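Here are my notes on the model, point by point. Have a look at it first, then read on.

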Amino acid sequence: MRMSLRTGDLVPVVLLAGLALLPFAAAAADEPFFTTFFARVLIYAIAATALNVALGLGGLVSLGHALFLGLGMYSVALPAHFGIANGWVHLAACVASCGVVGLLTGYVSLRTSGIAFIMITLAFAQMGYFLVVSLKQFGGDDGMAISAASEFFGFSLSSGNAVYGVAFCLLVALTVWIARLRSAPFGVTLRAGRQNARRVASVGLALSRYQLTAYVLSAVLCGLAGMLLANLNAYASPSSMSWMVSGELIVMVVLGGMGSVFGPFLGAVAFLGIEEVLKAFTEHWMALFGLLILGVALLGKAGIAGLLARPIRSNSPAGRGAKAPLLAESGVRP
Amino acid sequence: MTFSLLLAQLLNGLQYGVLLFLLAAGLTLVFGIMSFVNLAHGSLYMLGAYAVAVVTGATGSFALGALAALATGTVVGMLLESVAVSRLYRRDHLDHVLATFGLVLFFNEVTRMIWGPQPLFVALPEGLSGTIEIFGFTYPAYRFLIIAVGLAVAVGSSWLIHRTRVGMLVRAGSVNPQMVGALGVNIRLLNAMLFALGAALAALAGAMAAPILSVQSGMGEPVLITTLVVIVIGGIGSVSGAFYAAIIVGLTDTLGRTYLPLLMREFASRDIANAAGPALASMLVYLLMAVVLAVRPQGLFPAHKG
Amino acid sequence: MNTRNRWTLSALALVAAAGVAHADVKIGFSAPLSGPVAAVGQDQYDGFMLALEARGGKLGGQPAQVLREDDQLKPELGNQIARKFVDRDKVDAIVGLGFSNVLMASLPRIVESGTVAIATNAGPSVLAGKGCVPNVFSVAWQNDGSAEAMGKYAQDTGYKRVYLMAPNYQAGKDYIGGFKRFYKGEVVDEVYTQVNQPDYSAEIAQLQAAAPDAVFVFYPGGMGVNFVKQFSQAGLSKKLPLLSAFTVDGTTLPSLRDAAVGTVSGAVWDVALTTQGNREFIDSFTTKYGRAPSAYAAVGYDAANLLDIAVRKVGGNTSDKAAFAAAVRTAGSELQSLRGPFRFNHNNLPIQNYYAFQTVSEGGRITAKLMGTPLPEHQDAYAAQCKPR
């Protein structure tokens with residue numbers, strides 16, 4: 001592994017450092033909203049990073065990851081509904097449900113590839129969505145309130161700060177782990193399989209097992225994001241399982257740059273951040289947002305991470321670098 | 001379950017199927033030949049519906065409205081192709097998803113900016129607003145027009161693909177685009193034409209659906225998902241596959257949602273059947289796709305064997 | 001009464017004396033302003049702003065500031081907006097709160113903070129019953145109300161066999177339940193369709209074959225446009241009475257026109273009402289926005305007037321949230337609602353009239369006609385479950 005940071009890594013690292021300080025600044029300024037807002041951003045960054053394990057490493061374009069986000073949410077909501085606030089139970093339910101569902105759907109889905117894979121993952125997610133919507137005793141379409149937050153040995157995820165802290169640590173750990181995973185034999189095999197499946201097979205590696213492992217891992221990690229989201233919102237709603245959410249997760253990953261370690265994180269920050277910024281300017285922010293996304297796709301520099309990786313002048317101060325995703329966005333020419 | 005009711009339901013399924021086919025035909029060609037994932041196909045459908053609403057509202061003629069929809073689809077399709085799509089052919093599928101997702105947001109918001117959030121009014125074509133009696137059952141006359149247009153397009157596209165030179169190139173292109181290009185065919189022009197044709201068909205589908213559906217911003221997305229299901233079941237790149245799959249999906253969905261809840265009542269209590277029946281019916285199309293893909297990943301009627 | 005008036009007066013005097021010392025009244029307004037039901041959200045907002053403007057931009061004599069947010073019909077976003085209003089903007093009251101699922105997802109932070117929240121579009125059964133809270137109001141309706149009114153109407157009209165249809169989600173089941181609470185005749189069938197289903201031809205064929213005396217449906221927004229259009233195109237609108245709730249309303253009527261003629265709707269308001277101030281409201285709304293108002297606009301209008309009374313009651317001092325919530329409750333009884341008699345029940349949901357309106361064509365103009373008041377000064381079925389905390 002290389003030891004020095006490239007310019008492309010500078011921005012996300014500075015951004016992460018800023019996010020580490022954010023709850024303290026928010027508390028000092030008596031603006032707790034920022035903590036909860038960015039907690040949501042961090043949770044989506046975790047979900048996008050989780051998706052990237054399947055998407056970026058394995059080349060498995062899953063349009064059904066909202067299913068796992070939803071499973072994670074209901075792993076908190078259902079036990080809480082029956083009065084179980086033990087976080088370990090929630091965690092076990094989340095890992096078990098996402099693991100089993102991931103294994104089953106992954107096993108069937110991996111029989112296909114390409115566009116068929118996209119559609120079959122979508123199909124499974126839609127089935128899960130319609131199932132939850134029809135469960136009247138658990139709120140159905142209205143979703144269900146979560147009266148008891150997950151509690152781990154007395155540490156409760158009931159406050160925005162607690163969720164923020166856990167989400168931040170999880171995201172950093174996940175990012176570091178994926179950076180290592182990429183160059184570990186597991187990651188290399190997956191990436192090789194993405195480029196040339198036949199050659200991997202000819203070396204004697206059972207690629208589909210690696211892919212299935214990546215898919216299940218990605219599902220479980222996405223479930224963890226769902227758990228955090230449920231605790232943050234104190235609410236679980238099937239709308240978080242709709243295919244639009246799956247699509248948005250893909251867009252976050254691709255927008256950020258799916259080849260890179262930081263891409264999904266940058267994508268989530270940009271996606272949710274730009275939405276918030278544009279909303280302040282115009283009611284018709286979606287038109288601008290759509291054009292921006294189109295622009296990034298047309299530029300085709302492997303997302304924001306790719307744009308940042310272009311050599312920038314060494315005298316560019318780090319403070320300005322922190323705003324670079326936005327600057328890079330606004331620099332898009334139609 | 002009387003015979004005339006079953007017949008009416010078969011007609012409903014057929015009508016839904018041909019509407020899906022209008023959308024699926026263009027999408028499957030763009031998918032199969034240019035290998036381009038176009039999420040904005042639903043937006044073209046929406047634009048077609050808006051074109052009808054506006055032109056029919058102003059002139060009072062549905063035929064003019066439908067022509068305007070075709071023109072809108074063709075022009076917007078050509079514009080999209082030259083400005084954005086043609087630059088993305090060689091890229092990864094995910095870049096296509098990103099770009100067209102952006103376009104979906106853009107089109108939805110622009111229609112809302114211009115026409116507001118309220119649904120628009122579209123009158124039925126004069127003379128087709130009544131009903132037709134079949135075996136003691138009344139059926140909306142306009143729906144026969146939809147079926148007729150859909151079948152005409154199916155026959156026309158079959159002729160285009162199997163009997164013309166362009167069709168031959170299309171078939172060749174769906175198997176091996178590089179080879180077609182190497183043989184000196186202007187593949188760029190072929191692509192642009194195909195994309196515009198697909199866009200026009202999507203707009204036509206929107207035009208045909210406008211008098212029976214609510215014409216509003218965002219109407220394209222739900223139908224897009226079903227269309228994707230159709231082309232995957234049919235086999236990507238295969239227009240005839242898209243036709244059969246559209247009819248299968250149309251019938252499955254229609255018959256499933258009417259008879260499945262009734263069937264469930266035979267086995268379970270009414271309460272359980274009322275809860276599970278509709279849920280199962282909404283999953284049915286996805287279930288069908290999952291089974292088809294698990295057994296035949298290339299789809300039921302693939303464009304080329306192997 | 002006298003002492004209270006004197007208190008109010010002295011409070012007002014204090015306010016006047018304090019003058020600029022009082023901060024503005026800050027209102028957070030959230031509604032679905034984009035997506036398939038944007039028309040509903042827009043009407044609520046426009047109605048609210050119309051009333052505010054008529055009062056010179058003031059509520060209870062205090063300059064009012066309205067912050068607007070679009071919940072996009074996403075519960076998660078509603079939750080975030082509620083946090084923003086409470087934590088960042090520190091608003092005095094939250095108005096709007098969108099559809100039931102968005103409202104329910106927004107509640108956790110609102111309940112925790114005690115900030116006054118006034119829903120203008122939803123009154124889910126949980127909020128009306130076990131989950132009632134002192135600081136959350138619905139100035140609109142309890143969700144079942146309009147359906148209950150239609151059930152009563154069907155019962156009173158003497159329909160023997162009724163066919164019921166709704167989307168397969170929570171609200172759909174609630175509405176069917178509400179209808180059946182007051183309708184005692186035979187239910188031929190209950191059909192639940194997929195949410196946002198565009199085509200109902202298959203269901204309409206089944207319905208035609210079942211040959212009921214009447215049909216009751218609940219299809220809000222675009223679903224309603226689709227259903228009613230197709231129902232009419234199948235030639236059924238002349239043969240079969242169509243009763244509905246939130247299906248044919250001010251937002252869908254412009255795109256339905258003749259297709260809706262003959263349908264009967266249960267609602268708390270329509271243009272046909274002759275309540276005090278209604279004519280002026282309809283005229284000024286139509287002049288300002290170039291379209292006829294809907295019940296959503298009328299509720300938005302009422303919400304602003306309700307806040308006006310409540311802010312006046314607390315003399316502009318909204319910092320005591322519990323007192324402000326209590327003021328909103330009592331303000332309900334003083335509100336001159338466009339809908340007629342109005343007051344809050346102990347569960348903070350309205351006790352009001354639920355009317356039956358028929359869509360009619362008068363000289364080529366499509367409008368509503370009052371058919372009766374099936375449920376006068378009606379309270380919801382869940383109030384008994386609401387235990388004050």
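1. Why is H5(A) largely enclosed by the rest of the structure? Because 17 of the 20 residues of H5(A) are buried, where buried means that 20 or more other C-beta atoms, placed from the backbone, lie within 10 Å of the residue's own. Helix H5 of chain A runs over residues 114-133 and reaches 29 Å from first C-alpha to last, close to the 28 Å expected at 1.5 Å a residue. That expected span is 1.5 Å times one less than the number of residues, and helices are DSSP runs of H or I, at least four residues, numbered from the N terminus.

2. Keep in mind that this is a predicted model: local features need pLDDT of at least 70, side-chain atom pairs count only at pLDDT 80 or more, and totals for chains, interfaces and linings use all residues. Residues are numbered from 1 along each chain as its sequence is written, with chains lettered from A and ligands numbered from 1 in the order written.

3. On confidence, pLDDT is the predictor's own score for each residue, from 0 to 100. Chain B has a mean of 88, with 98% of its residues at 70 or more. Chain A averages 84, and 90% of the residues score at least 70.

4. Where pLDDT is low, the predicted coordinates should not be read in detail.

5. From the unreviewed UniProt entry, "transmembrane region" features on chain A include residues 88-108; annotations may be inferred rather than shown by experiment. In the model, that span is 100% helix, its end C-alpha atoms 30 Å apart.

Technical notes. Helices (H or I, at least four residues) and strands (E, at least two) are DSSP runs, numbered from the N terminus. A residue is buried if 20 or more other C-beta atoms lie within 10 Å of its own, exposed if 12 or fewer, and partly exposed in between; C-beta atoms are placed from the backbone.
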